[in-house]
Amino acid sequence: CEYGHHASCTSLYKKPFVESFEETPLLVAVLTYMGYGILTIFGYLRDFLRDWKFEKCHLAREREEQKDFVPLYQDFENFYTRNLYMRIRDNWNRPICSVPGAKMDLLERVTPDYNWTFEHTGNVLKDVINMGSYNYLGFAENTGTCADAASECTVKYGVGVSSTRQEIGNLDKHEELEILVARFLGVESSMAFGMGFATNSMNIPALTGKGCLILSDELNHASLVLGARLSGSTIRVFKHNNMQSLEKLLRDAIVHGQPRTHRPWKKILILVEGIYSMEGSIVRLPEVIALKKKYKAYLYLDEAHSIGALGPRGRGVVDYFGLDPSDVDIMMGTFTKSFGAAGGYIGGKKELIDYLRLHSHSTVYATSMSPPIIQQIITSMKCIMGEDGSTLGELCQLSENTTYFRRRLHEMGFIIYGNNDSPVVPLMLYMPAKIGAFGREMLKRNIGTVVVGFPATPIIESRARFCVSAAHTREMLDKALNAISEVGDLLQLKYSRKNRHGNEGSDSFSFLESHQD
């Protein structure tokens, strides 16, 4: 909300909502644009040399005899991959040869041709601290209660089901999982799917179609974007977490109706995420629900990163804000993060779930979930719910680790995006050369990190993205923080102009302030 509307908005929140999106310093922005400009000029020069056969191109291109065909490969993205991505490709797809828990082992590899191909040396980098996996609660392990239960299930049921749910792939375990998920979410019914991405991309088309309007946050995940496009609905995009932008679109939709005919929209569906995985921000759910009720729209909430990781009971962003789950029409989430498994779910009213069982492509055509994966989810979910006799120790540990890690990075002078309670912590790098340098320097110090650039982020907003886990000990976090500080000094990444060391109030915008680009 804008400053003048704080009174009406603060009543929707039970605690301060603090998010930080510090503006890019002007000099850094100029140097970043210059960096991409220089890379682009050299890219065109190298393409010219490739056309004249002075330099070999290893990437996918049309054959010479197809030069008169319509191009098969997208031109700019192909250009970007050849000339920018290839320079820093060694930072991605690194092969892991252990459980990717709090620590992991990496296979060492070298490249003889500047990242076009890689060869394994046979050496193993041991005990690399894993700051990149979505293992928020530490359940991604090969020992412990979850692993034991999954192995027992494998012995009893096997690994594959080899059939769809509607044929002979519907196990008692599937039924048990869906009843448990509904109880965990506090909704009437739920259904599970074998793939988190397909949960969005295959179910949104079953819910909306021609004559419907989808209002989507500009930073929504690719699975939501694909699902919206496949549905055939009209799509309009609102600014990230900006309630004025969303309300304007809702008001225009009600007033003007469909284009040309001006008939009322059949349905209006709002698509948002719980935690945005590249921004570390949390959806302003109380305000979204207030707008949805005011304009009689439907709400689709993607809790891929927030389920299990937010809220006093680990039940996601609805629990975090203390809201009623029945106010969210479609509750979607994945089992791939906090639960250390695979797949996704949709929860809601019984009528909605019964409808999706008949109309969702994911249910009708996809092979049903593997039994040991189901057991992993059931065991980890019961652990979060305290039904196995355990306490909520993982949730408390995750919250403490998140607060500590974010506070220390702020004090060091880095620009950190997102909400104070979000375990997704983006650290801004900006310049293209620093993407690869940061990943390599961190690995030299035995820290595994994820560095992110275009197209996953805007082209001048590249970043390192840390994911805090309950499995991280204070010693691990301190080692990682010391390495980040050291690399930050080496690469001159401490861009923040806010006051450092203890003046945390100035590190964040006042609560309820709109996202600033």
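Reader: Is N115 buried or exposed?
Author: N115 is buried, because its relative accessible area is 6%. Buried means under 20% relative accessible area, exposed means over 50%, and partly exposed is in between, with a 1.4 Å probe and protein chains only.

Reader: Before we go on, what kind of model is this?
Author: It is a predicted model: local features need pLDDT of at least 70, side-chain atom pairs count only at pLDDT 80 or more, and totals for chains, interfaces and linings use all residues. Residues are numbered from 1 along each chain as its sequence is written, and side-chain values use heavy atoms, with hydrogens and water left out.

Reader: Back to N115. Where does N115 lie?
Author: In the loop between strand 2 (103-110) and strand 3 (119-130). Helices (H or I, at least four residues) and strands (E, at least two) are DSSP runs, numbered from the N terminus.

Reader: What about its backbone, what is the phi of N115?
Author: Near 75°, a positive value in a residue other than glycine. Most residues other than glycine have a negative phi.

Reader: And H262, what is its phi?
Author: H262 has a positive phi of about 60°, and it is not a glycine. H262 sits in the loop between helix 8 (243-256) and strand 7 (268-273).

Reader: Is H262 buried or exposed?
Author: H262 counts as exposed, because its relative accessibility is 53%.

Reader: Peptide bonds next. Is the one from F454 to P455 cis or trans?
Author: Cis, with omega near 5°. P455 is in the loop between strand 14 (450-452) and strand 15. Most peptide bonds are trans.

Reader: Switching to aromatics. How many aromatic pairs are there?
Author: The structure holds 16. Rings of Phe, Tyr and Trp (its six-membered ring) pair if their centres lie within 6.5 Å; planes under 30 degrees apart count as stacked, over 60 as edge-to-face and the rest as tilted. Take F438 and F466: their ring centres are 6.3 Å apart and their planes are at 70°, so this pair is edge-to-face.

Reader: Which parts does that pair tie together?
Author: F438 lies in helix 15 (residues 432-444) and F466 in strand 15 (residues 462-467), so the pair ties together parts that are 28 residues apart in sequence. F438 counts as buried, at 0% relative accessibility. F466 is buried, with a relative accessible area of 0%.

Reader: Which residues do ring pairs link into a cluster?
Author: Y13, F17, Y320 and F321.

Reader: Which ring does the charged end of R109 sit over?
Author: The ring of F118, 4.1 Å from its centre. R474 lies over the face of Y404, at 3.8 Å from the ring centre. The test is NZ of Lys or CZ of Arg within 6 Å of the ring centre and within 35 degrees of the ring normal.

Reader: Last topic, helix 2. Which residue range does UniProt list as "transmembrane region"?
Author: Residues 26-45, from an unreviewed entry. UniProt annotations may be inferred rather than shown by experiment. Over residues 26-45 the chain is 100% helix and 0% strand, and the end C-alpha atoms are 29 Å apart.

Reader: And where is F48?
Author: F48 is in helix 2 (residues 26-51). F48 counts as partly exposed, because its relative accessibility is 46%.
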